[in-house]
Every structure is written in structure tokens, then in C-alpha cells.
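Let's take a walk through this model, one piece at a time. Keep the picture open while you read.

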Amino acid sequence: MPRPEQVGPDARRAALLDALSRALEGRLAVVSGRALEDVDRILEDRVRFVAAVHGLVRRGGNGVDRLPPHPDLDHARDVLRDLARGDRGLLFEDKDLSVALHYRNVPSAADAVIEAAERLARGSELVLQLGDMVAELRTPGQDKGKAVTAFLREAPFDGATPVFVGDDLTDEDGFAAAARLGGYGVLVGPSHRPTQATYRLNDFNAVLDWLSASIGRAAA
Ligand SMILES: O=P(O)(O)OC[C@H]1O[C@H](O[C@H]2O[C@H](CO)[C@@H](O)[C@H](O)[C@H]2O)[C@H](O)[C@@H](O)[C@@H]1O
């Protein structure tokens, strides 16, 4: 999708999430780079356990844990927002605990965006997170792997085998944590990049097919 907010609810995904949650007796969590409100909007409040902004916000059994935004974000926000103002195709995203600049609509700006983000990371305590046509600076202290570990420490996930499905660079921490905790990661996409995932599926539809078949087998 050209713009992050164009991703919205999807009927097949929604039905599958409901069925998956039932089959797993509630042991279903979504671990995303998006803001918590954005995840809830896209999933229509279907999923209770959510880690958002790459784990910086986590809604577990005892409510929402949220790290405070790092003060260095103020400067990064100004710089990235100015860059977006200067180029009509660049898209600035503010997630409070992180700021991101998307170059999906102007791929030729990739080097300039990444260089600017690397410079900001070098001059601050922020963590540089590269993703799918996006460079992001985030508050340090959490990642998707730490979010998986935190979920596995509490009900209803304690004692479960973690399976982490993802398609982006930021998902590598989640794959590593799942493997460390006795489970595995599934990388989605044609990419042959080095990965900590154990398995790979071609695309989103392959994931839906795999999960539908697994639920069917569990119910049989
Ligand atoms: O961890 P995820 O749930 O996979 O979220 C990763 C990022 O997703 C969004 O950006 C990506 O999707 C957009 C819509 O397709 C696309 O326009 C963008 O180029 C992608 O990077 C979201 O905007 C980010 O905040 C998330 O980190």
C-alpha cells in the first residue's frame, strides 16, 4: 500500500483471527511496528494481546505497558518532518515513541533517507530501525523479541511454544526469540535475505492458507 493508513480491516483475515484465537484458547498475540491504536483499528479490536511500536508498547494480561518517549526524538522528529516537507513523495509518520520516514512513493530517495536516519542515530541514543521502504528512529529498550519473551512469561502464554510470523527486518528479533524459547519463526515473502526464521512462506495468502489448514486439523 502506498500509505500506511490505507491498510484496513479485511474480512478473511478477521475470520481467521477469530478462529485462530479459539483454536489456541486465546494464546494469540499480534506483535507490530505500528502504533497500538493503528493495530486495533486494522484488526477491529479483535486481538487482546498486542505489542506495538516494535515492542515499546505492550498490552498484556495486566493492561498496557508503555516506555516513555526518549527526549532525543524531538530533534529526530524535526529533521524527518522537514525532509518530508521538502519532498512531496516522502511520508512522515509519528508514533510518539518513534518517528519514521517512508520512501515507498519515491524509491530514488532511499539513500538520502537512510543516510539522514543513520546520521540521527549516530548523534543520539535512538535505535535505527530500517524496514520495508522506511527508515525509523525509535526509543531504545525494547524490540519484538523482548515483547515475545514478556508474553511467554505470563498467562495465557506461559508454557506455550511460540510461533512468530513476520515479513519485515524488524521481525528478526521476534524470530530469534521464538527459536530461543523452543518455537520457530516463519518469514513471509520471496526474500532470500539471511534470517533467523526457520521456515518461509511466499506471501500473505500462503500464510492464511497455512493457518486455515492448521485450524482445520486442530478441530478434526
Ligand atoms: O511490524 P508490522 O506490523 O509489519 O509493521 C511494519 C510497518 O508497517 C507500516 O509500514 C509498512 O506498511 C505500509 C502499508 O503497506 C507501507 O506504506 C510502508 O512502506 C511499510 O513500511 C507502518 O507504517 C510502520 O509504522 C510499521 O513499522
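## Around helix 1

Just past helix 1, Glu-25 has a positive phi of about 50°. Helices here are DSSP runs of H or I with at least four residues, strands are runs of E with at least two, and both are numbered from the N terminus. Keep in mind that this is a predicted model: local features need pLDDT of at least 70, side-chain atom pairs count only at pLDDT 80 or more, and totals for chains, interfaces and linings use all residues. Residues are numbered from 1 along each chain as its sequence is written.

The axes of helix 5 (residues 144–152) and helix 6 (residues 172–180) come within 6 Å and cross at roughly 35°. Axes are lines fitted to C-alpha atoms, for helices over the stretch in contact, with angles from 0 to 180 degrees between N-to-C directions. Contact means C-beta atoms, placed from the backbone, within 7 Å. Lys-144, Gly-145, Val-148 and Thr-149 of helix 5 meet Asp-173, Gly-174, Ala-176, Ala-177 and Ala-178 of helix 6.

## Strands count as paired if DSSP finds at least two bridges between them.

Strand 9 and strand 10 (residues 184–188) are joined by 4 bridges, and Phe-164 has Gly-185 of strand 10 as its bridge partner.

Methods:
Two residues are in contact if their C-beta atoms, placed from the backbone, lie within 7 Å.
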